[in-house]
Amino acid sequence: MDPLVANAKAIIEKGSKSFAAASKLFDPQTRAKAFMLYAWCRHCDDCIDGQELGFGQQSPAPAEQRAILEALTRQTRAAMDGEPVADPVFGAFQRVFVESQMPSRYPLDLLHGFAMDVDDHPYQTFDDTLLYCYHVAGVVGAMMALIMGVKEKDAEILNRAVDLGIAFQLTNISRDVMEDAADGRVYLPADWLREAGVPTDPALFPGHEAQLFTVVRRMLDEADRYYDSAVYGIAHLPFRSAWAIAAARSVYGSIGRVVVSRGASAWQQRAGLSSAQKLSKLFSSLFTAVSAKWFGRYRSAPSRAGLWTLSGAAAGKR
């Protein structure tokens, strides 16, 4: 195996067993590119958070985090500019960046998402939360779409990919409310919290689980709108990629439904699916991919009006 791909694969297998398993649905070329992109994303995130492969959090001081982020940005820009790269993580990123004809805005948008965390960006409205979701997950959807053969000019398909990333992150936020609060982080919109009678100070979240659930239920209702929109991009992907993305959509959407089913007890145990449930979603998503690719389902896409939109100067407007 190519050394750059092998190193990226090792990072994935240690840092995300779920992603490593799901990536087997991709064809070999797409899988290798996904490994290389993920390794760069994982590396940047870990460096800023003081972790190793997502574990053992030892967050540096904010000033140090900013310095780390600046260094990562310089390395990323150098890789995108075609400069010689010694670090295998950035060498892999450079390759997938070039092979996918990726616009530089996307990697830089992801780094901006990390900066939002470093700077404790406030989330006063749902639009603020959506902007964060784009920068830390929606843009990954766009980059993955490019890896799978979507072209930058295919704005409609890219927006559907962004929709799925945003839906994933809204689900993550809803599932991890109390865990994030323990770290002093709040991604729920402050105006929604106030409307529900929840203090905006995360230290005061315990004891307000019932009110918090009304906010989270509202957020997951929004996530469903993005999941519903994202499915219409599947028909434009190669079959194995369509299956992989349909499976990820099904699994993550189900995690949101687990949160909803638990109500105010949603955070007593981290919401997830059993191996058997994931396997079931894998097979049901095969039907989704087959229907999309060979029976014309999801070809006639409804309007995305009202959803966060990636469109040049109008990006982010709903």
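Reply: We begin with accessibility: a residue counts as buried under 20% relative accessible area, as exposed over 50%, and as partly exposed in between, with a 1.4 Å probe and protein chains only. The model is predicted, so local features need pLDDT of at least 70 and side-chain atom pairs count only at pLDDT 80 or more, whereas totals for chains, interfaces and linings use all residues. Residues are numbered from 1 along each chain as its sequence is written, and side-chain values use heavy atoms, with hydrogens and water left out.

With these terms we can turn to charged contacts, where a salt bridge is a side-chain nitrogen of Lys or Arg within 4 Å of a carboxyl oxygen of Asp or Glu. By this rule the structure has 15 salt bridges. One of them joins R225 to E222, whose closest N and O atoms are 2.9 Å apart. R225 is partly exposed, at 34% relative accessible area, while E222, at 17%, counts as buried. Both residues belong to helix 11 (residues 209–230), where they lie 3 residues apart, about one turn of the helix; helices here are DSSP runs of H or I with at least four residues, strands are runs of E with at least two, and both are numbered from the N terminus.

Helix 3 (residues 28–49) holds R42 and D45, 3 residues apart, and the side chains of R42 and D45 meet in a salt bridge with an N to O distance of 3.4 Å. R42 is buried at 14%, whereas D45 is partly exposed at 23%.

What about sulfur? A disulfide is a pair of cysteine sulfur atoms within 2.5 Å, and the structure holds 0 of them. The sulfur of C41 has its closest cysteine sulfur, that of C44, 7.2 Å away, which is too far for a bond. C44 is in no disulfide either, since the nearest cysteine sulfur, in C47, is 6.7 Å from its own. Both C41, at 13% relative accessibility, and C44, at 0%, are buried.

That leaves the aromatic rings. A pair of rings is described by the distance of the centres and the angle of the planes. Rings of Phe, Tyr and Trp (its six-membered ring) pair if their centres lie within 6.5 Å, and planes under 30 degrees apart count as stacked, over 60 as edge-to-face and the rest as tilted. The structure holds 12 such pairs. Y134 and W308 form a stacked pair, because their ring centres are 4.5 Å apart and their planes stand at 15 degrees. This pair links distant parts of the chain, 174 residues apart, with Y134 in helix 7 (residues 126–147) and W308 in the segment after helix 13 (275–294). Both Y134 and W308 are buried. The rings of Y232 and Y298, by contrast, are edge-to-face, because their planes are at 85 degrees and their centres 5.5 Å apart. Y232 is in the loop between helix 11 and helix 12 and Y298 in the segment after helix 13, so this pair ties together parts 66 residues apart in sequence. Finally, W40, F93 and F97 form one aromatic cluster.
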